[in-house]
Amino acid sequence: MTAAYAKLRALHNWTAISTDGPQILPPSSGGVTAFKFRDPEGHPLEMLAFAPGAMPAHWAIRSGNLFLGIDHSAISVADMSRSVAFYSRLGLARTASSLNVGREQEKLDNLRGVVVEVTALAPPMQAVPHVELLCYRGNFDRRELLANRNDVAATQLAFEAERDALDVIVALNRDTTILGPTTSERGGLRALLRDPDGHLLCIESKTALPNSKPTK
């Protein structure tokens, strides 16, 4: 983390979210060292370093690279139970959870008195990248935190699914599906839907069925 933070500080046009540099979270909050910041377009990013002896097996690899890869995408939700139920219908399963509190979390998020319920969800047989749901509690307006997004186009989480599974997902979520299935640029089928908090999701199959006709 020391080397990663030094490399970041040598760059320009980024802004810190965390205060006082990288924070070492207590074991009850995962025990990782973390630092949050925004890229030049304002997208929030986080660097993670696992504690010695606590490296997950999927990252326990020999590499000369400073950064090993993308661990997860984190999204803020208002109701953890509701969101876990929704993402379970997409085929994701809970792999870890914690309740993050304390001074280190306050500095990491730059929010006084913050309490964060964290739930990790992953598809079968794939630990990374996974999805983390963050349910923030505290005396602040969550809508205000989301008001300053600076995306040219809407961001989205993208999932790849088997063709039959895509049909099942759309059938189970017809009330939140906003497009699809329709033909994607890669020749498969794609559907767009929103989760209970309005986050945009893209579900795409690998390829179209043989002799199938593209939909518009």
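## A first look at the chain

I70 touches W59, V128 and P129, leaving aside residues up to four places away in sequence. The model is predicted. I70 sits in the loop between β4 (44–49) and β5 (72–76). How accessible is I70, by relative area? I70 has a relative accessible area of 63%, and so counts as exposed, since that is over 50%.

V128 and P129 are joined by a cis peptide bond, with omega at about -15°. P129 belongs to the loop between β7 (115–122) and β8.

**The whole chain**

Now step back. The chain has 216 residues, and 35% of them are buried. Its secondary structure comes to five helices and twelve strands. The chain exposes about 13,300 Å². Carbon and sulfur atoms supply 53% of that area. How far along the sequence do contacts reach? Take the contacts between residues at least 6 apart in sequence: 53% of them join residues at least 24 apart.

**The largest nonpolar core**

In soluble globular proteins, nonpolar side chains tend to be buried together. Here, the largest nonpolar core holds 21 residues. Which of them touch the most other members? They are Y87, L133 and L201. Several elements each supply at least two residues of this core: α2 (80–89), β8, β9, α5, β11 (189–194) and β12 (200–205). Helix α2 gives the most, with four residues.

L201 shows how these parts meet. Setting aside neighbours within four places in sequence, L201 is in contact with F86, Y87, L90, L157, F159, A191, L192, L193 and D195.

**Helix α5**

V170 and L172 both have their place in helix α5. Is V170 buried or exposed? V170 is buried, because its relative accessible area of 7% is under 20%. Its contacts beyond four places in sequence are T177, P181 and A191. V170 and I203 are 33 residues apart in sequence, with 9.1 Å between their C-alpha atoms.

L172 counts as partly exposed, because its relative accessibility of 47% lies between the 20% and 50% cut-offs. L172 and F86 are 86 residues apart along the chain, yet their C-alpha atoms are separated by 9.6 Å. F86 is also among the contacts of L201.

**The second largest pocket**

Rolling a probe the size of a water molecule over the atoms shows where empty space is left. The second largest pocket holds about 490 Å³ of space. Its lining counts 23 residues. Which of them lie nearest the centre? These are L92, P123, A158, F159 and E160. F159 is also one of the contacts of L201.

Three elements each supply at least two lining residues: β8 (130–137), β9 (157–161) and α5 (163–172). Strand β9 gives the most to the lining, with five residues. By class, the lining has 15 nonpolar, five polar and three charged residues.

**Loop residues**

D20 is not a glycine, but its phi is positive, at about 65°. D20 lies in the loop between β1 (15–16) and β2. N110 is also a residue other than glycine with a positive phi, near 55°. N110 has its place in the loop between α3 (103–109) and β7.

S29 is another loop residue, placed between β2 (23–24) and β3 (33–38). Beyond four places in sequence, S29 touches S98, L99, N100 and V101. Is S29 buried or exposed? The table gives the answer for S29, along with D20 and N110.

| Residue | Relative accessible area | Class |
|---|---|---|
| S29 | 6% | S29 is buried |
| D20 | 60% | D20 is exposed |
| N110 | 48% | N110 is partly exposed |

S29 counts as buried because 6% is under the 20% cut-off. D20 counts as exposed because 60% is over 50%. N110, at 48%, falls in between and is therefore partly exposed.

Methods:
Residues numbered from 1 in each chain as written. Predicted model: local features only at pLDDT ≥ 70, side-chain atom pairs only at ≥ 80, totals over all residues. Heavy atoms only, no water. 1 Å grid on protein atoms, 1.4 Å probe; cavity = no way out; pocket = protein on both sides within 12 Å on 5 of 7 lines; lining within 4 Å. Points joined across faces, edges and corners; volume = space filled by probe spheres on them. Nonpolar A, V, L, I, M, F, W, Y, C, P; charged D, E, K, R; others polar. Core = buried A, V, L, I, M, F, W, Y, C linked by side-chain atoms within 4.5 Å. Buried < 20%, exposed > 50% of the residue type's maximum accessible area, 1.4 Å probe, protein only. Contact = heavy atoms within 4.5 Å. Areas by Shrake-Rupley, 256 points an atom, 1.4 Å probe, with all protein chains shown as cover.
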